[in-house]
Amino acid sequence: MSDKAILEYNGEKYEFPVIKGTEDELAIDIKSLRSATKGMITIDPGFKNTGSCESAITFLDGEKGILRYRGYSIEELAEKADFLEVAYALIFGNLPNKEELAKFHKDIKDESHVDEEMKKILDGFPKSAHPMGVLSSLTSALIAFNPSTVDVSSDEDMYHAIVRILAKFPVLVAWTLRKKKGLPLDYGDDSLGYVENIHKMMFKRPNQDYKKNKVVIEALDKLLILHADHEQNCSTSTVRIVGSSHAGLFASLSAGISALWGPLHGGANQAVLEMLEAIEADGGDTKKYMAKAKDKSDPFRLMGFGHRVYKNFDPRAKIIKVAADEVLADLGIDDPILDIAKGLEKEALEDQYFVDRKLYPNVDFYSGIIYRALGIPTEMFTVMFALGRLPGWIAQWREMRLKGEPIGRPRQVYTGENLRSFVELDKR
Ligand code: CMC
């Protein structure tokens, strides 16, 4: 097979190298396109056919429904690893040994205070503020309290910045929830595991001891692992592109949080639950909503269905569906919303519209049901996604900075007015 692709235009032929990834993915390397063709570019709105980078972090095969972090299958990681091990593997390339993991956790604990002054910033938000807006603002505000720029050529500096955000971000997440619930802002407990501590920081009541619930912690851990990275999605691409201007890690992450907030991306988990509740309130008629989803004159979409890359079952959705059943059974919860979700899924998988377009349930279809069972308010669902995605964003930012990638700056095809003369205001 040729390792070159040929473009023919106006009688001229141009050759471009074809590169191959470790899983045999092929790409035409068009770095020399503009100079070779004297100005021609490619156009691809939504980047449906465009690779923005070469990356060794996450492999995703949307046709086969495969997801691997650093070569480890998502199924195995969800079953056998904990979130901190997965975070380490994503960021540094391999699963940590016992000593590395213990040091990583200790270093995180040592950084887990957030400047008290940050509470004043949180205080300025109304209780009604959406937690994603608050989280993005607080993450950005962290820069003011940790102003030193990261010298990316120093392993030590890089490691310290990473540990610092992994330590402080859960505190911000917990404070965002506690503010919403009117609970006092608190810190964690260094004697607890990373995820257990997050749970405690979020839910401990001021007048009660924290009670550990193994089922809840394990479910939370699994959900965070499943969300930890997903290659060049909208928020991750945002983190990479903001970071490519050499804006700092916290600023890049804050931008990623804003990108994740949208209902077509991470905000879908909140949208799914609101949709399921609306269907339930409307009498549970799933067929009516299926018809709305297929009606091109109706903007309604079946939230939690479809994916830019997966044209098969999202492997994360499969794991979450089983986990939702287990968690609800373990906690003794009988949630009618779960039945509506299963009904919708069955109808969609048999419906020609969904079959033709290869629309399958995605990660967000069942995650909200578990979050709800764990007592997490609907508006916090996307915050939980952000918490899970944090190691992925960090890993991608680190990879991009270590490779010294150029600033992200796409081109365009201009379709506006040609040169025209200025008309004075009184003559317009
Ligand atoms: N309900 C009904 N129709 C849909 C849906 C849906 N959820 N998703 C896609 N379609 C249709 C769409 O109308 C289009 O039909 P046609 O070809 O007749 O015009 C076709 O399927 C292709 O859709 P698209 O919008 O061109 O595909 P995309 O790759 O640009 O969008 C998506 C992917 C995830 C934004 C979209 O499927 C969607 O809006 N889904 C609902 C929101 C959602 O669940 N988002 C979470 C994604 S997973 C979490 C994450 O990684 O962020």
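Q: How far is a backbone N or O atom of Leu-264 from a nitrogen atom of the ligand?
A: This is a predicted model, in which local features need pLDDT of at least 70 and side-chain atom pairs pLDDT 80 or more, while totals for chains, interfaces and linings use all residues. Residues are numbered from 1 along each chain as its sequence is written, and side-chain values use heavy atoms, without hydrogens and water. A polar contact is a pair of N or O atoms within 3.5 Å, and the Leu-264 backbone atom lies from the ligand nitrogen at 3.1 Å.

Q: Which residue places a polar side-chain atom 2.7 Å from an oxygen atom of the ligand?
A: Leu-302 uses a backbone N or O atom, 2.7 Å from a ligand nitrogen. The side-chain atom 2.7 Å from a ligand oxygen belongs to Arg-301.

Q: What share of the ligand's area does the protein bury?
A: Taken alone, the ligand exposes 940 Å² (Shrake-Rupley, 1.4 Å probe). The buried part of that is 79%.

Q: What volume does the largest cavity have?
A: The whole structure holds two cavities of 30 Å³ or more (sets of 1 Å grid points over the protein atoms alone where a 1.4 Å probe fits but cannot get out). Volume is the space filled by probe spheres set on the points, and for the largest cavity it is about 60 Å³.

Q: Which element gives the largest share of the lining of the largest cavity?
A: Lining residues have an atom within 4 Å of a point; among them are Leu-122, Phe-125 and Lys-180. Two helices (DSSP runs of H or I, at least four residues) give two or more residues each, α6 (131-145) and α7 (155-181). The largest share, three residues, comes from α7.

How values were computed
1 Å grid on protein atoms, 1.4 Å probe; cavity = no way out; pocket = protein on both sides within 12 Å on 5 of 7 lines; lining within 4 Å. Polar contact = N/O pair within 3.5 Å; in protein donor to acceptor, adjacent residues only side chain to side chain.
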